[in-house]
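Here is a short tour of the structure shown below.

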Amino acid sequence: MVQASSVEIRKVNKFYGPFQALTDIDLSIPPGKVTCLIGPSGSGKSTLLRCINFLEEYDSGEVLIDGQMIGYDAPGKKMSGRKLREMRRGIGMVFQQFNLWPHMTAQENVAEGLIRVRGLPKAEAASRAAEALRKVGLADRMANHPARLSGGQQQRVAIARAIAMEPKLMLFDEPTSALDPELVGEVLTVMKTLASEGMTMVVVTHEMGFAAHVADQVAFMEAGELVAVDAPSRILHQPEDARIQSFLRTYHERNAF
Amino acid sequence: MFSIPTFLESFGPLAMAARFTLLVSGLGIALGLVIGALVCACALSKSRGLRRFAAIWVSFLRGVPLLVQLLLMYYLLPVVGISIPALAAAVITVGICASAYISEIWRGAIGALPPGQSEAAEAIGMAPGTIWTRIVLPQAVVMSLPALVNELILLVKASSLVSMVGIMEVTRASQAQAATTFRPLEVYLAAACIYLAINLCLAGIGRWLEHKAAV
Amino acid sequence: MEWSVFQQYGPMLLRGFGITIFCWIMGTILGMALGLMIALAQRYGPRPLRWLLQAYIEVIRGTPFLVQLFVLYYGGPLVGLRLDALPAGLLGLTIYGSPYFAEIFRSGFNAVPKGQIEAARAIGMAEVSIIRRILLPLGLVSALPALVNFSIILTKETVILSIITVPELMYQVSRMSTETFRYLEANFVLALFFWGLVEAISRLGRRFETRITQHLIERV
């Protein structure tokens, strides 16, 4: 079992100028569970996810990781960069566009954080990177540069880069949206393995199948508001809210043959 | 009639003078790289004052013709009581002028990196200094190489203007040669050939670098 | 410093300014026209012509403008090309600018998506009308920022014409400074003048660009 964090989101608001991107979000993410954020594009799911590691600065409210607020020492008082980096080490993130560093090989991508952030000696970082890459099934691709990897392989390297840091919480921002359909499966498989090991995961996704089978809870967002949080079966199969019904109807129509 | 012997004979003295063409443009780009890095740092800094300074630096040096800059420096130095050799003054002027273009090249290369690159580093808790030295700069430098080679080619051509402040480089030497031989066509064509040879070599290096960077 | 000389030499400087602007505008128009012809010939011309033009582009871009002017103005008479300073300068500016303009047009044409040209072929448009109605308008729009940029560079190159005694602004300023020994003031004012001119033209250019490309910007 990995050590797993909990996340508590309380009354979080976020503005881009006059536009309110998040409105009074309350969400509690239990340790060792998988929470999927779904909803139409532009609904604020990615913004909310990015508030959890403070890549996006929320304007009011609190985001607590294991009881400690991230980004602010007290409401309105920004945390020091050093302290923020300390907290971020415990949070892994996987991006829609992979964001691998193109000038480094797969193994160097994974080892970079271990060397520069965790301060491990190069040899140890390299062997841990190799182990993380083995775990995502890329033992034979370690010396490749990202440009020589398929999208699915790149995304698995990105996952290895995150898990090598031994995080207690993993954030996934539409990890399969930039992939060709036939490459989605390999990434979801790795994510399922991670979930079964008891990692706390927050996943923004359009893969309703993944949400239905892997998530412990599903949160539906629309227009910057959290509409409902519940067990996947309740949200995906018997939604009460009309907004969820209409979203799922569109989704099913698009995916019907 | 076009005299081929005169044309060929011109190459000797002109090739000797090419040392100074290479010296002015080579030292000019080296100085430009250093000052350009500083100006680029100012342009990207959080301080409004520094950004304003960088903007004025770049706009002035790109707005004023190099020939005017050279003459300005040539006449300004004695007035403020600085006496340095003409060659040094020319190199400094060319370097300062190049710094404006180089700082823009670097700013462009840094701006062209997808922001996700730094975000991914931030997300694993990398410190800002480390993100610069490990993620941003290595990529930006490689990306900017072809543009920097191009800038060097521009400098080789621009260095012909330092002939106007008395530096005996290819252009000045060809003027002297033309005056003694009374065969300006042959001599100036020979000078053109020398510039062309230098620049074709540089362009070849540039293409090779671009190819390497793309792999 | 002594500034009154500028009053005394005012009319002369004004004439010089007029010639500078004239050289710039004519050089830009002629260089652009020649560049456009080169770009079209490179796209549609026979292979030997394309090679020849490519060599022309490399040679002109690989040599300093000053040396090109020397060849033309001092070397020209030896092969019977006897030109006054101003026409020689204009011809030099046209030749000097043409390969840069040609390259700008070429990449502008390349930026037109193939599919849009195929769509025109698919509805049976003739090749000439495709060039006139699709390739030129779209290619010109995407080449516009680079065209504006290079014509700004040409304003600065006009000062080099003073070296072959074209009586433009720089030439008048150096004449004034040799007569009055006000070298520093003269060049300082000249620098400020060019700085202002280039800034003004860039601003106008940007406004022109946004006006002409407005309908192509996607708005949600």
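Which residues of α6(A) are buried? In this predicted model, they are V187(A), L188(A), V190(A), M191(A), L194(A) and A195(A). Viewed down the axis of α6(A), its buried residues stay within an arc of 160 degrees, so they line one face of the helix. Turn to the other side of α6(A) and you will find E182(A), G185(A) and S196(A), which are exposed.

The helix itself covers residues 181-196 of chain A, 16 residues in total. From first C-alpha to last, α6(A) reaches 24 Å, close to the 22 Å expected at 1.5 Å a residue. The buried residues of α6(A) are covered by elements of chain A that include the strands β3 (34-38), β9 (169-173) and β10 (200-204), along with the helices α5 (151-164) and α7 (208-214). Just after α6(A) comes G198(A), with a positive phi of about 90 degrees.

Still in chain A, let us look at a hairpin. Strands β11 (residues 217-222) and β12 (residues 225-230) of chain A run antiparallel and are joined by five bridges. E222(A) has E225(A) in β12(A) as its bridge partner. Two residues sit between the strands of this hairpin, and A223(A) takes a positive phi near 50 degrees there.

Now for the nonpolar cores. The largest has 92 residues, and those with the most contacts inside it are L67(B), L70(B), V94(B), Y188(B) and A191(B). Helix α4 (residues 86-112) of chain B supplies the largest share of this core, 12 residues. Leaving aside residues up to four places away in sequence, L70(B) touches A90(B), T93(B), L161(B), V162(B), M164(B) and V165(B). Apart from that core lies another, of 83 residues, including L37(A), A132(A), L171(A) and M221(A).

Chain B also carries annotations. An unreviewed UniProt entry assigns "domain: ABC transmembrane type-1" to residues 18-206 of chain B. UniProt also places the feature "transmembrane region" (unreviewed entry) at residues 20-44, 56-76, 82-102 and 187-209 of chain B. The table gives the computed make-up of some of these spans.

| Span of chain B | Helix | Strand | Distance between end C-alpha atoms |
|---|---|---|---|
| Residues 18-206 | 84% helix | 0% strand | 20 Å |
| Residues 56-76 | 90% helix | 0% strand | 20 Å |
| Residues 187-209 | 100% helix | 0% strand | 33 Å |

Key:
Residues numbered from 1 in each chain as written. Chains lettered and ligands numbered in written order. Predicted model: local features only at pLDDT ≥ 70, side-chain atom pairs only at ≥ 80, totals over all residues. Pairing = 2+ DSSP bridges. Helix = DSSP H or I, 4+ residues; strand = E, 2+ residues; numbered from the N terminus. Core = buried A, V, L, I, M, F, W, Y, C linked by C-beta atoms within 7 Å. Buried ≥ 20, exposed ≤ 12 C-beta atoms within 10 Å, placed from the backbone. Contact = placed C-beta atoms within 7 Å. UniProt positions renumbered as here; feature names shortened; annotations may be inferred. Expected span 1.5 Å × (residues − 1). Arc of directions from axis to C-beta.
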